[in-house]
Amino acid sequence: MLRYIAKRLLNMIPMLILISIISFIIIQLPPGSYLHTMMAELRAAGDQISMDQIEALRIHYSLDQPVHIQYLNWVKGIITEGNFGFSFEWNRPVKHLIWERLALSLVVSVSSLLVSWIVAFPIAILSALKKHTFLDYFLTFVGFLGLSTPNFMLALILMYISSVFFGFSVGGLFSPEYLMAPWSAAKVVDLLKHLWVPMVVIGTSGTAGLIRVLRNNLLDELGKPYVVAARSKGIGIARLTFKYPVRIALIPFISTVGWQLPQMISGEAVTATVLSLPTAAPLLLGALRSQDMYLAGSFLLLLSSLTMIGTLISDILLVLVDPRIRYE
Amino acid sequence: MKKTLCVMLVLTMLLAYSSVTLAAYSEAPILAERVAAGELPPVEERLPVNPLVIEPFEEIGTYGGIVRNAHRGPSDNTGYYRMVREPLVNYDNMLVEIHPNLAESWEVSEDGTEITFHLREGLKWSDGHPFTTDDIMFWWEVQNTREIFPAGVGANWIAGGVPVEVIQVSDLTVTFKWAVPYAAFVNWLASGQETYLPKHYLSQFHANYADEAALTEMAKAEGYSDWGQLFVNRSGERTNWRALDKPTMDAWIMTTGFDAPILISERNPYYFKVDTAGNQLPYVDTLHRILVEDIEVMKLMLMAGEIDYITRNLWTTYSDLPMYIANQERGDYRIIRTHGGTPGALNLMFNVNYDEDPGIAALVNNYDFKKALSYAIDRDEINDVRFNGLARPGHGHFHYENPGYVEEVDQRYIEYNPELANQILDEIGLKERDANGFRLQPDGRPLTLIIDGSTHHQHHSAGGELIKSYFEDVGIRTVLNVIDRGLYEAKREGNQSMISFADLADPLIPLEQTGHKITYVMAPLWELWFESNGTQGLEPPADVIRLMEIYNTLAPATSDVEVRAAYMREIAQIWGDNFWTIGTVGVPFNLAFAKNNLRNVPADGAHSHPANPAIYRPYQWFWK
Amino acid sequence: MDPNQAAIHPELTEPEVLKDAEAKVFYATQWQLMWWKFRKHKAAMAALVIVVMMYLGAFFAPMIAPYRADERHRGYVYVPPQKIRFYDEQGFSLRPFVYPLRQEIDMETMQRHFIEDPTTRVPIHFFVRGSSYKLLGLFPADIHLFGAEDGKVFLFGTDDLGRDMFSRILFGGQISMSIGLVGVFLSLFLGLLFGGISGYYGGAVDNVIQRVIEVLRSFPTIPLWMALSAALPPDLSPIGVYMGITIILSLIGWTALGRQVRGKVLAIKNEDFVIAARLSGTSEPRIILSHLIPSFMSHIIASLTLAIPSMILAETSLSFLGIGLRPPVVSWGVMLQKAQNVHALMMAPWLLIPGIFVILYVLAFNFLGDGLRDAADPYGN
Amino acid sequence: MKKMAPDSILDVRDLTVKFFLDEGTVHAVNGVSFSVPAGRSVGIVGESGCGKTVSAYSITRLLPKTARISGEILFRERGGDITNITELEPDGGDMRRIRGKEISMIFQEPMSSLSPVHKISNQLSEAIIQFQGLTKRQARARVIELLQLVGIPQAERRVDDYPFQLSGGMRQRAMIAMALARNPRVLIADEPTTALDVTLQAQVLNLIRDMQDEFKLSLILITHDLGVVAHMVDYVSIMYLGMVVESGPVIEIFDNPKHPYTRGLMHSIPKLRGRRGERVEPIPGFVPSAYALQEGCPFCERCPMREERCTKGIPQRVQVGSEHYVCCHVYQPGEGEPDVVNA
């Protein structure tokens with residue numbers, strides 16, 4: 001087991017290198033650079049900037065160097081000093097900006113993931129056991145409805161409803177009065193009041209997929225001879241369903257956790273933009289827009305690495321729950 | 001004449017001063033508590049010898065409360081600056097008169113090259129440290145520090161090719177000496193430019209005063225590459241202009257950062273202004289700026305009553321006006337229309353240096369072609385569908401209330417007359433059409449106009465669709481290309497743009513914002529010629545050279561409104577003769593929102609980007 | 001072989017009988033079986049009907065739509081969906097009609113009101129002459145399915161420029177519903193190609209392709225799209241942007257299919273008949289392809305069906321972020337861009353109607369895909 | 001109280017099973033009757049699809065929900081009471097009490113009949129722990145004992161294996177152990193050797209016979225292989241298309257087969273030996289569809305002795321020996337012994 005994990009970790013190194021290169025290429029792809037954004041902002045503010053100044057800034061930000069040198073410097077900083085570079089737009093080291101946001105992103109994504117699991121699990125089992133009944137169709141329909149509704153639309157509508165009809169303060173994860181307050185029971189309640197919107201929005205889009213995977217797996221398993229064999233021993237249906245088919249149907253389900261994460265983060269990106277959540281995504285999107293390259297690149301790198309770790313975790317879980325893989 | 005005005009103003013102030021010194025000053029209850037607890041000296045000792053007396057817009061207010069505002073985070077930092085900044089001198093709320101502020105008085109030398117400011121005596125930073133001309137000298141030192149400003153001092157501090165010379169005359173007197181006459185420097189400062197930094201605090205981060213090796217180490221430890229970046233972070237110079245822990249002269253002291261969920265500012269006990277009853281300002285204890293990244297959320301918050309005052313970010317959302325009005329009762333706010341606005345929304349900037357296609361290049365420089373296109377635009381429809389009829393058709397470089405406004409030039413060729421447009425286009429050799437009915441270039445090649453817009457401006461997309469259809473109605477194939485702001489700027493700079501949309505704001509101050517000169521003509525190669533002092537780019541024609549002369553030397557030399565207005569009319573004429581751009585419509589006002597019981601917010605005010613909303617004097621707003 | 005013997009060998013004889021040229025019949029029966037099973041799936045059948053109707057609607061958009069997509073109606077900005085009436089105080093009318101609208105702008109509230117005039121009826125006629133168009137891009141015509149000859153009819157209201165939402169939804173469907181198809185076929189191609197190569201050659205090639213797939217799947221898609229679409233040349237024509245977005249969507253979308261194909265190829269590679277083919281010198285890839293396609297076809301169809309809706313959702317998300325298709329191209333995503341603000345929600349909620357079509361389309365395709373997969377599954381039921 | 005033959009433990013009477021599917025109604029079992037004397041063994045033999053497995057599943061009520069059962073399956077409880085299994089809820093408490101404890105089953109596919117992700121110990125001890133109230137340790141000891149009993153070497157180690165770690169024969173042995181875990185009185189073995197290699201088949205069959213002796217089991221052996229039943233069972237019922245066409249003591253049937261179908265099967269035995277997974281040596285023609293009930297004798301299409309009357313009316317069961325019954329028009333009362341025409 002340990003050897004397996006070690007091997008997988010070792011495998012991740014070339015992948016991470018590849019990811020960092022792709023991240024860097026991606027942020028270099030669009031024409032222009034942050035300086036153009038800066039010029040646009042200065043112009044909008046009525047200031048002006050001369051060619052000499054632009055050139056000086058280009059040198060100051062090392063934008064005059066070849067791309068591969070910029071890349072190597074960036075990677076060197078990350079490896080040797082944990083320095084992810086400098087954010088032009090925020091005028092701060094990237095590392096000061098990302099961790100808190102990333103943590104909140106994880107909170108929102110993982111809690112959405114949990115929500116979609118909690119919702120998908122009973123629905124899938126119910127609709128598999130009650131296959132081709134009204135309940136099955138209804139639950140499947142509800143699941144698909146969540147999948148079909150574009151995230152941003154759902155987010156906007158829920159935000160609107162919660163503001164106009166329930167009077168909840170909109171946007172963000174806290175009401176203004178709790179934003180700066182220390183943690184307390186009231187603050188948690190307030191967080192939940194806000195968190196439900198992104199959780200529902202992001203969760204619903206993934207739920208349908210989970211329901212489908214689990215339901216189909218379960219239907220496959222329910223027809224397997226070992227279920228009949230277990231019944232022939234006199235074991236009750238509910239008991240054996242949970243002990244055997246559900247357990248086995250969960251195996252491919254677990255393997256989906258890894259690749260659910262990037263989907264959740266993408267879903268979170270759009271939702272967080274609409275809902276103005278202080279998570280990584282809006283910052284990343286803003287950085288991509290303004291070509292704040294190190295900030296954008298670092299986020300891409302870290303988010304993708306998170307996904308790789310997520311995949312690794314789900315593979316390890318898979319090994320733990322499926323002896324067939326373990327003994328291969 | 002200006003000088004006399006200043007002296008008179010100072011005299012009035014002195015009179016006001018003498019009348020209030022008789023009464024004892026009052027202070028906010030929370031400060032009184034701190035005084036009682038021995039944490040603060042009494043108010044008399046905190047105020048300068050002669051505090052600035054402010055007459056409230058409506059009435060004497062009461063202390064306390066929080067004013068909630070919203071912003072979009074660090075990139076939106078200028079909004080905070082524009083609300084609290086304290087320049088040496090200040091405009092009134094209509095941008096007409098200049099009042100003393102930190103400077104009690106000032107003089108401009110006869111030749112207009114030397115401007116001398118006399119600081120108020122006994123001014124104190126928010127930490128109680130005295131404010132003197134040392135802080136101005138330190139500021140200038142910082143501007144000239146390469147590690148902090150790698151590109152050197154900003155263009156605004158250079159006139160006639162030579163940077164300003166800052167001369168410390170005494171602790172309270174400082175002179176700005178220019179190589180060429182620059183009387184308008186005072187106007188520029190008054191619109192909101194600060195020229196000081198807390199030397200007693202920031203010198204510890206500057207290598208001229210502290211050990212460079214230690215500073216560098218400190219910078220590295222915090223993730224900065226050099227001490228310059230560290231200084232930028234501590235001073236906010238070049239970035240937010242405000243920074244945590246940095247002493248300030250503002251009415252409120254920032255206690256959380258720009259990236260905090262709420263930027264919270266608490267009252268400055270050493271603030272140097274009092275009302276006419278001798279109450280130390282500000283009235284409001286705390287400012288909140290809530291970080292909201294999405295403007296739609298901001299609107300919802302406003303309408304839910306969660307924002308007490310806002311103008312920035314929502315000031316040009318004209319098409320939402322029906323919604324704001326419909327939700328006024330729920331949000332308990334009033335809508336203030338400030339003068340200024342966006343006289344040119346959706347202006348078509350023709351790139352006169354465009355050179356990728358000689359045929360097109362000739363057309364974008366063809367007066368009659370642009371005249372025809374102008375006739376092809378149905379401005380009434382744009383006004384109706386985009387601005388609910390609130391807009392005003394015209395070419396929109398100047399607000400109609402601007403003294404430099406020339407009606408004939410602004411209203412030239414703005415009638416909707418597609419027949420005439422077609423006739424002109426036929427006449428200038430664009431008679432031949434392709435199978436789809438689109439006009440061909442005289443040499444038979446297809447003719448396609450590409451208009452760039454920026455996603456940053458909400459009209460560019462919807463309004464652009466209208467423009468496209470108007471042009472196609474008269475047979476000009478048009479491609480609309482609304483792109484991200486950075487790309488849009490990169491295209492313009494790279495001389496790749498054929499035509500682009502721009503929204504023009506008019507500061508109402510004649511020739512104040514030199515940066516906006518770009519709005520009169522789009523010509524990247526001419527700009528390059530000016531910026532490279534004639535070594536690169538293309539030499540512009542005489543009209544443009546005259547334009548730049550007015551901008552760079554003639555107008556700055558004088559602060560006489562009449563003279564400047566005359567220059568402005570000349571610019572309008574030059575523009576009219578060349579017809580570089582086509583305007584569509586503009587909205588003569590901007591939007592601001594204030595809670596109904598937030599008082600002393602002026603019902604009328606001018607809107608200018610650098611000055612607004614500080615000229616509405618937030619320090620004398622109060623909750624009634 | 002003794003013919004009697006053959007007759008009493010039912011299992012063994014089947015392939016013998018079908019050996020020559022009967023393969024088609026064999027597959028056909030497989031398809032028939034699928035169709036037969038599919039038909040039982042009522043939700044999938046309903047979904048099929050909806051999908052077909054939506055595509056027909058888009059296909060015949062110029063005819064069905066009463067107006068052109070870019071046709072503006074002065075004085076009819078933000079008209080709410082109109083009520084189609086058969087009955088009013090003047091009695092019942094077999095021909096549906098609407099009331100003419102008069103716009104009033106309340107200068108106090110800046111609100112536009114559209115006052116119905118119940119004294120006149122604007123009858124809705126079918127097969128009326130209107131603006132001319134080319135049906136299927138070929139046949140000039142000016143007949144529209146319905147229209148109000150003496151007035152205006154806006155089934156779903158109008159947008160901020162006074163354009164008929166109903167007509168725009170139909171035209172927008174042309175783009176939105178084809179971007180999924182084009183994108184899906186491109187990713188199918190990529191998936192088959194790389195999945196096949198990966199499974200067939202194995203070894204280092206497989207390893208590289210698998211790593212690439214893993215890396216592609218690790219990137220959060222939205223930022224990846226953002227960056228890639230920002231890299232599209234800014235001067236691209238609307239059609240160019242359309243193609244670019246499609247390519248980007250499929251560049252990222254092929255990985256899932258690629259993995260499945262690889263697995264299948266690996267499995268088939270070790271089947272007896274492939275080994276036999278290799279020994280007999282037949283081209284191995286050919287054998288694999290000829291066995292892969294039929295045995296995998298149903299699965300491919302099902303997963304393609306499920307991939308199409310995710311393409312359309314991606315398109316709307318991209319357009320929402322302002323990096324997808326851009327006006328004046330009409331797509332559902334572009335239309336929804338106008339609905340993504342509070343103003344639309346409060347003052348003109350009908351701008352969200354394209355969203356209902358997106359939901360309907362995605363929903364229908366999901367049920368369709370479910371039905372297809374169930375039908376294709378030999379062990380189902 | 002129903003009446004049963006005094007020595008019977010299980011009496012199946014006129015069992016009919018129909019499946020109501022969307023495609024139509026499948027008449028899987030049409031009036032099957034047989035009885036299992038206590039401690040004896042009964043073989044049910046027939047081609048795939050003849051309804052033998054459905055009959056077996058009916059006894060334990062493990063059929064899918066689409067199945068409708070009628071007729072009687074009488075079971076004599078330990079106390080002597082008689083329960084009609086067809087009247088019980090398929091997954092109700094009474095039925096579950098009978099399953100495993102009274103009647104247990106061995107299935108065709110040992111691999112798929114065991115959960116792939118649970119250890120042998122877990123699957124075998126499950127019912128013991130749940131129903132006999134043994135502790136985990138006691139149950140484990142019992143499982144090892146059972147495994148030893150069914151001849152699994154190194155049972156102490158094997159008990160912690162997963163099914164996929166065992167060989168096919170071992171798996172079937174484990175299945176048998178699982179079926180015997182609660183000392184049932186009736187064991188139904190549904191094609192227990194079909195999935196096994198030839199060499200293993202005999203071993204497993206011998207094991208089943210040994211276990212029958214060991215546990216005093218009444219055995220129902222379901223198979224398509226007439227050869228298998230010859231030395232395994234006391235009585236045999238031959239099924240064709242949902243009906244028992246002939247039944248009787250195994251020696252009687254082998255010595256004196258009456259029904260043409262039985263005869264057909266007998267002829268196929270030598271050829272079939274050793275061919276795994278293959279069906280009975282073909283009898284001319286196809287098995288008719290089970291969707292439509294035949295008007296005449298179900299076998300008449302393929303019957304070498306077909307006569308006019310065979311197409312009209314289903315043949316009655318007639319006694320042709322002391323315990324030997326046959327369903328064939330040829331043997332209807334009043335008819336003489338017909339000529340046997342060998343194909």
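Guide: What follows begins with a sheet of chain B and then turns to parts of the other chains.

This is a predicted model, in which local features need pLDDT of at least 70, side-chain atom pairs count only at pLDDT 80 or more, and totals for chains, interfaces and linings use all residues. Residues are numbered from 1 along each chain as its sequence is written, while chains are lettered from A and ligands numbered from 1 in the order in which they are written.

The sheet in chain B is open and has four strands in the order β5-β6-β10-β9, with antiparallel pairing; helices (H or I, at least four residues) and strands (E, at least two) are DSSP runs, numbered from the N terminus, and two strands pair if DSSP finds at least two bridges between them. Its edges are formed by β5 (103–108) and β9 (165–168) of chain B, each of which has a single partner strand, so one side of each is left without a neighbour in the sheet. On average, neighbouring strands of this sheet are turned by 20° against each other, direction ignored; axes are lines fitted to C-alpha atoms, for helices over the stretch in contact, and angles run from 0 to 180 degrees between N-to-C directions.

Within the sheet, strand β6 (residues 114–119) of chain B runs antiparallel to strand β10 (residues 173–177) of chain B and is joined to it by five bridges, and B:Phe117 has B:Val174 in β10(B) as its bridge partner. Helix α5 (residues 133–143) of chain B packs on the sheet, where it touches β6, β9 and β10 of chain B, and its direction makes about 155° with that of β9(B); here two residues are in contact if their C-beta atoms, placed from the backbone, lie within 7 Å. Four bridges join β9(B) to β10(B), again in antiparallel fashion, and B:Ile167 has B:Thr175 in β10(B) as its bridge partner. The two strands β9(B) and β10(B) form a hairpin, with four residues between them.

Helix α6 (residues 168–180) of chain D has 13 residues and reaches 19 Å from its first C-alpha to its last, close to the 18 Å expected at 1.5 Å a residue, the expected span being 1.5 Å times one less than the number of residues. Among the buried residues are D:Arg171, D:Met175 and D:Leu180, and the buried residues of α6(D) pack against β6 (103–106), α3 (120–132), α4 (136–149), β7 (186–190) and α7 (198–215) of chain D. Over the 343 residues of chain D, 47% count as buried.

In chain C, by contrast, C:Val208 lies in helix α7 (residues 203–218) and counts as exposed, because it has 12 C-beta neighbours inside 10 Å. From C:Val208 to C:Ser198 there are 10 residues in sequence and 8.5 Å in space, C-alpha to C-alpha.

Notes:
A residue is buried if 20 or more other C-beta atoms lie within 10 Å of its own, exposed if 12 or fewer, and partly exposed in between; C-beta atoms are placed from the backbone.
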